[in-house]
Amino acid sequence: MRRAVYPGSFDPVTLGHLDIIRRSAALVDELIVAVLVNRAKTPLFSEEERVKMLMEVTKDVPNVRVEAFTGLSVDFVKKCEAKFIVRGLRAITDFEYELQMAQTNRIMAPGIDTIFLTTNLEYAYLSSTTVKEVAFYHGDISHFVPESVAEKIYEKVQMREKCHEQQN
Ligand code: ADP
């Protein structure tokens, strides 16, 4: 069984992530999309919400499974009995960090390799952070995320605005 893990924050999943998911799922028997639960960060979406959105947008890809994890990616990869970590590369700015991570992981877990997929040029500029910023200013995010995800982001933006109104 050729199994890979694609770890990330996915806060929220974008069309760039989805492109990497579809392309890497085609390379392996099973792809586990792993939502990192980082206690040090305050994400817009909870771990459950991120997992649910990923499940929804990948439901047509049969060999994809979505899970949440805490701790080191390599430990989770070992637990899943996977041999590969998938990461996406957008620009040279991603490269330095990703190379460092891959090399560190390789020292910690010599049996696990990182596979890098270069972004589809259409999504090279795209990050979860930019999508959230555009949404906070009521911009159109329909070119960046699946429709079901866009709805959830706008719901969050509305909730935040209501909270702010009540506080002021
Ligand atoms: P992390 O916090 O681990 O970087 P992200 O959810 O931001 O989590 O990204 C997860 C992975 O997806 C990373 O390898 C990142 O480089 C990649 N990625 C993010 N956006 C894109 C995109 N638009 N195209 C290709 N890969 C992407």
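Helices (H or I, at least four residues) and strands (E, at least two) are taken as DSSP runs and numbered from the N terminus. The structure is a predicted model, in which local features need pLDDT of at least 70 and side-chain atom pairs count only at pLDDT 80 or more, while totals for chains, interfaces and linings use all residues. Residues are numbered from 1 along each chain as its sequence is written, and side-chain values use heavy atoms, with hydrogens and water left out.

The largest pocket holds about 970 Å³ of space, a volume being the space filled by probe spheres set on grid points that are joined across faces, edges and corners. Its lining comprises 39 residues, of which Gly8, Ser9, His17, Arg87 and Arg90 are the closest to the centre. Two or more lining residues come from each of β1, α1, β4, α4, β5 (113–118) and α5 (128–136), and α4 gives the most, with six residues.

The ligand sits in this largest pocket, in the sense that more than half of its atoms lie within 2 Å of the grid points. The ligand is surrounded by 16 residues, the closest being Tyr6, Ser9, Phe10, Gly88 and Tyr123, where a residue counts as near if one of its heavy atoms lies within 4 Å. At least two residues of this shell are supplied by each of β1 (3–8), α1 (15–25), β4 (84–89) and α4 (92–108).

A polar backbone atom of Gly88 lies 2.6 Å from an oxygen atom of the ligand, and a polar side-chain atom of Ser9 is 2.7 Å from a ligand oxygen atom, whereas for Arg90 a polar side-chain atom is 3.3 Å from a nitrogen atom of the ligand. Of the 550 Å² of accessible area that the ligand has on its own, the protein covers 87%, as computed by the Shrake-Rupley method with a 1.4 Å probe.

The second largest pocket contains about 190 Å³ of space, and its lining includes Phe45, Glu49, Lys52 and Met159. Two or more of its lining residues come from each of α2 (47–57) and α6 (147–167), with α6 giving the largest share, six residues.

Definitions and conventions
Polar contact = N/O pair within 3.5 Å; in protein donor to acceptor, adjacent residues only side chain to side chain. 1 Å grid on protein atoms, 1.4 Å probe; cavity = no way out; pocket = protein on both sides within 12 Å on 5 of 7 lines; lining within 4 Å.
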